[in-house]
Protein chains: 2
Amino acid sequence: MTPEDQMEQESFSKPRTRNASKTTGGTRRRAGVKKNPAAKLKIIPLGGLDAIGKNMTVFECGDDMLLVDAGLMFPDDDHPGIDLILPDYTYVLENEHKLRGIIITHGHEDHTGSLPYLMKDLSRKVPIYGTKMTLGLIEGKFNEHRVKAKLAEIKAGDEIKLGGFIVDFFAVNHSIPGAVGVFMQSAAGNVLHTGDFKLDQSPIDGVHTDFGALARFSKMGVDLMMSDSTNAQNPNFTPSEAEVGRTLRRIIENAKGRVIIASFASHIHRLQQIADAAVANGRKVVVTGRSMVQNTDIARRLGYLKIQDVDLIDAYDLKGTPPEKVVIMCTGSQGEPLSALARIANGEHRTIQIDQGDTVIISATPVPGNEKAVTRVVNSLAKIGCEVYDKKRAMVHVSGHAGAEELKLVLSIVQPKHFMPVHGESTHLRAHARLAEATGVDPRKIFLCENGDTLELSEAGVRFGEPVESGIVYVDGLSVGDTSRDVLDERQALSNYGIATIAAAVNVRKKQIEGPVRVEMRGITGGDVAQLRREAGETVKGTLRRALDKGTKGKDLEKVCRDALLSLLWERTKQRPMVVCAIIEL
Amino acid sequence: MTPEDQMEQESFSKPRTRNASKTTGGTRRRAGVKKNPAAKLKIIPLGGLDAIGKNMTVFECGDDMLLVDAGLMFPDDDHPGIDLILPDYTYVLENEHKLRGIIITHGHEDHTGSLPYLMKDLSRKVPIYGTKMTLGLIEGKFNEHRVKAKLAEIKAGDEIKLGGFIVDFFAVNHSIPGAVGVFMQSAAGNVLHTGDFKLDQSPIDGVHTDFGALARFSKMGVDLMMSDSTNAQNPNFTPSEAEVGRTLRRIIENAKGRVIIASFASHIHRLQQIADAAVANGRKVVVTGRSMVQNTDIARRLGYLKIQDVDLIDAYDLKGTPPEKVVIMCTGSQGEPLSALARIANGEHRTIQIDQGDTVIISATPVPGNEKAVTRVVNSLAKIGCEVYDKKRAMVHVSGHAGAEELKLVLSIVQPKHFMPVHGESTHLRAHARLAEATGVDPRKIFLCENGDTLELSEAGVRFGEPVESGIVYVDGLSVGDTSRDVLDERQALSNYGIATIAAAVNVRKKQIEGPVRVEMRGITGGDVAQLRREAGETVKGTLRRALDKGTKGKDLEKVCRDALLSLLWERTKQRPMVVCAIIEL
């Protein structure tokens, strides 16, 4: 069975596609959902309101439920050893019978990354709705996870019926092609969810955020608007992606040797601009790094990324091509130690070398928590003598999220009756709330929610309902959901002070130690470590002997040994490592 | 003996103080150092060129050696359990007999923090030169460390003779009072070291960076200039500290409840502005957090911080004072989990509470690596419903370091023959080098150094000499210099995957296991952990029995057990924890 066979590309929704010209023209459309004064729409964010990450929201009206986005979050240093963090979607599983569809607004992992896990946990193949680009990326992940799914392609402008909901998709600009927002009509009222967006007046693919659609939804009545808060604290307008293209072209024009550009692998518009700038300067494009290769393949296949075969060179075929004739697009913009850029910087890349005078562009911003890692790579490159450009030096990156002025503009167009800022930490949500208030939204109708809160929308307005089970689930190696905060605390304790282990065999009746007493230490510092270990062995042996003489046994025996070792270590190192003690009674 | 007795406040230098008016007037001064064509001045940076931190530079001419600054660095997540990082100053100790004095440019810990350790390692009390503020802060640290020292106060404008050197101190603006730069004349040539600085045209204490002195040094000839690269990547001028005062005053004016302001405890100018804004708005000042209390005490005693007793309330006497009548200055601007601000935010502060509607100002910028910690505190405060201002929202912080335009201005005034950017990571140094080139410094005369490099200045110019021993030394609990990268790697491995321990007693002759086989796990995840542990015990027991049957013993016996447990854990968790195995042969 080929990976393709595992996917069922169907259109469950029989969408009615509107042309852009029609959307604004107010042409024929479904009659809309008849409002029912008794109906209640529950809006339940399960993720996305405590962090930029793991976005997931439930929309539930009577017996129908939709899920918008199913993302993950990458762990920070506070979560040692954890691979991924998922939202706790117990509520979705408990109400699986109501679930009519999963809508994915765009292909970023903070909106798609939970899907493979959710799909395995659901007992049936709930259809997943997204644009061609979004589904292309999801399909790639599903193949890796060997997950089968029903993928239903929609286009911006489509309207579909899902249970009692009518869902309209509208185009938005974002740092990935094929991003949409959704307008959901239910018997209880209408909700507009912007998804992640910005307002780019000169988008690379010519697709603008659909102002016409927003105006139309406004006219139909938006009872609740949910909008992207990521950049609510940034004043002004986020610059157009096209600005970055101009900068890249100028840098490449003036570059003498190789040009190496690290960026987000899903930022297809950026990759398009890099490729265009390379070709315009008579350079070939080289793609390296696993996700960069994967995503450019998908995007080219689906028609989102236009690079001619003749303009591409495989990294393995680079020999013979002069450095000044290539632009290398690679992963590693976050300073990941195993990424292509880090390997290039350390001289460990199999096919790409780097020399003094080469140019490196970090065409990205460090995700919070990655600042130091990125700095480390940038400094390595600077030491080699490369010209390094990051966003501090030139406009080689712009955000994909709307700034304060854009957010206010959209609020002014939509004029929502109620407002709920989403996609951000508490500070972002509060900053966005202030913007909404500034555009005239009644502060009593602005809802600051946390994950697990329930908002209930009905004819009577919006109010808080009963919260549901929510939280986070750690993915750690093969294990999903088994790693507790306790395990993480153990790991943190281990990493701060190390661990000492005691192993000894005793005969309690004879009151004697049998064989050697073994003390091992890992991650413990303090003077001469070998000497400390010898001393520790003596201390434990002495303690053990005295305790046996007194007739101590069992757990008490282990406790006195542990305490004696801890005292010694505290005295010698002023630290309290973990101590594991196994006294075997024969 | 009181702490004060431990200090000997002397003036070894018999400095000639110039008034500001005299400095620019070209008045009487020492004849200068007679140049000797055979003389060689070695400039050896031991720290400060790989990071913003642990600044330390050796200046050595014949039998005379000076040390400028002796700082430390705070460790990041890459150094689990480490308390502090010092530069390796072996070279200083090896040449101790030449050391005529230690010059400290200002009181920040990245310039002073190594001093207690260095003082303990030196066999004699080498005098430490600094301004009153600088020495006041050092004295505080020395008392904590029970270190005795010779502290020699200098003033900006002073000129002192130290061995064959003549050293001039000149005032610079920085984010701490009493900051100076130094101009050193030696028989081999003259070096200007800016220290950390900015050009503030409206400084809080009225002390400007001494342009007159810079012009005078330029006229005397600056053979090598070393200058602060921290903000070389920031275009334009760094705003004046006074701008922050205006913002703080406006926020406090409009605040309804408590105002809590977290800042750097050594940023006395900032604290002055906070206090002034509080008093101007009829509020009392409360100081909390250990270093904040210490530093305000020192700065008030030395006359750098002017707050009247009547305007201060002790945190313990707050009861009865209405919230809208206080401004609380506290530590915690870096999100430190045990700081005053974090404790206030978590409702764990003994005397200060916080309520919805209170205002919190983070009057600082996160030091790289602290971004997430700060964000965590800010989000906690936002959730309480506080108005939180950080530098994203208002100009509540400005840097203490010169931006690109300031750096170029100083380069233009000084017109150095050779240039060495200091105080920064590779990227900062390189950015500063580009600025120097832009102001007309010959690129062949710009020296990009690493810690441990030696520059040799003589009549013939500047060239690289033999590098010296350098590097970093970890302070870890009581231990200085004993913690190796190996220990840190062990800690990191422990923190990623945890550890499993095996303890068993065997009789090799009888080929049998004596007593129970004990397997313990810490920081290991994977399904049902209790179940995994049972399984691990069975696996080890079975392996051990089979190995004994085959006559395996000693290290081999431990190896097969370790391997068997690792295989099981890999299979169950796809992780490779550390395994410590102790098989006791009876």
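Modeller: Let's start with a word we will need: two residues are in contact, or touch, when they have heavy atoms within 4.5 Å. This is a predicted model, where local features need pLDDT of at least 70, side-chain atom pairs count only at pLDDT 80 or more, and totals for chains, interfaces and linings use all residues. Residues are numbered from 1 along each chain as its sequence is written, chains are lettered from A and ligands numbered from 1 in the order in which they are written, and side-chain values use heavy atoms, leaving out hydrogens and water.

Our part is one that a record points to. An unreviewed UniProt entry puts the feature "binding site" at A:Ala265, A:Ser266, A:His267, A:His397, A:Val398, A:Ser399, A:Gly400 and A:His401. (UniProt positions follow the numbering used here, with feature names shortened, and annotations may be inferred rather than shown by experiment.)

Let's visit two of these residues. Find A:Ser399 in the loop between E19 and H13 of chain A; helices (H or I, at least four residues) and strands (E, at least two) are DSSP runs, numbered from the N terminus. A:Ser399 touches A:Lys198, A:Asn231 and A:Thr238, if we skip residues up to four places away in sequence. Is A:Ser399 buried or partly exposed? Its relative accessibility is 22%, so A:Ser399 counts as partly exposed. (Buried means under 20% relative accessible area, exposed over 50%, and partly exposed in between, with a 1.4 Å probe and protein chains only.)

Now look at A:His397, in the loop between strand E19 (387–389) and helix H13 (404–414) of chain A. A:His397 is buried, because its relative accessible area is 12%. Leaving out residues up to four places away in sequence, A:His397 touches A:Val244, A:Phe264, A:Arg270, A:Ser363, A:Ala364, A:Thr365 and A:Lys391. With one residue from that list, A:Arg270, the side chain of A:His397 also makes a side-chain polar contact of 3.0 Å. (A polar contact is a pair of N or O atoms within 3.5 Å; within protein, one must be able to donate a hydrogen and the other to accept it, and residues adjacent in sequence count only if both atoms are side-chain atoms.)

Now for what lies elsewhere in chain A. Strand E12 (residues 189–193) is mostly covered, with 5 of its 5 residues buried. A:Gly189, A:Val191 and A:His193 point one way from E12(A), while A:Asn190 and A:Leu192 point the other way. On to the partners of E12(A): two strands pair if DSSP finds at least two bridges between them. Strand E11 (residues 180–186) runs antiparallel to E12(A), and 5 bridges join the two. E11(A) and E12(A) form a hairpin with 2 residues between them. Strand E13 (residues 224–228) runs parallel to E12(A), joined by 3 bridges. A:Leu192 is a handy landmark: A:Phe183 stands opposite A:Leu192, and in E13(A) the bridge partner of A:Leu192 is A:Met225.

Two loop residues have a backbone angle to notice. A:Lys54 has a phi near 40°, a positive value in a residue other than glycine. You will find A:Lys54 in the loop between strand E2 (41–47) and strand E3 (56–61) of chain A, and A:Lys54 is buried, with a relative accessible area of 1%. For A:His423, also a residue other than glycine, phi is positive and near 60°. A:His423 sits in the loop between strand E20 (418–422) and helix H14 (426–438) of chain A, and is buried at a relative accessible area of 3%.

Let's hop over to chain B. B:Thr105 is in the loop between strand E6 (99–103) and helix H3 (109–112) of chain B. At 0% relative accessibility, B:Thr105 counts as buried. Its side chain makes a polar contact with that of B:His106 (3.1 Å). Setting aside neighbours within four places in sequence, B:Thr105 has contacts that include B:Val68, B:Asp69, B:His111 and B:Thr134.

How do the two chains sit together? Chain B can be laid on chain A with an RMSD of 0.1 Å by a turn of 180° and a shift of 0.1 Å along the axis; copies are superposed by least squares on the C-alpha atoms of residues with pLDDT of at least 70 in both. That is the relation of a two-fold axis. In chain B, the C-alpha nearest the axis belongs to B:Ser495, 2.4 Å from it. Of the interface residues of chain B, 100% are also interface residues in chain A, so the copies meet through the same surface.
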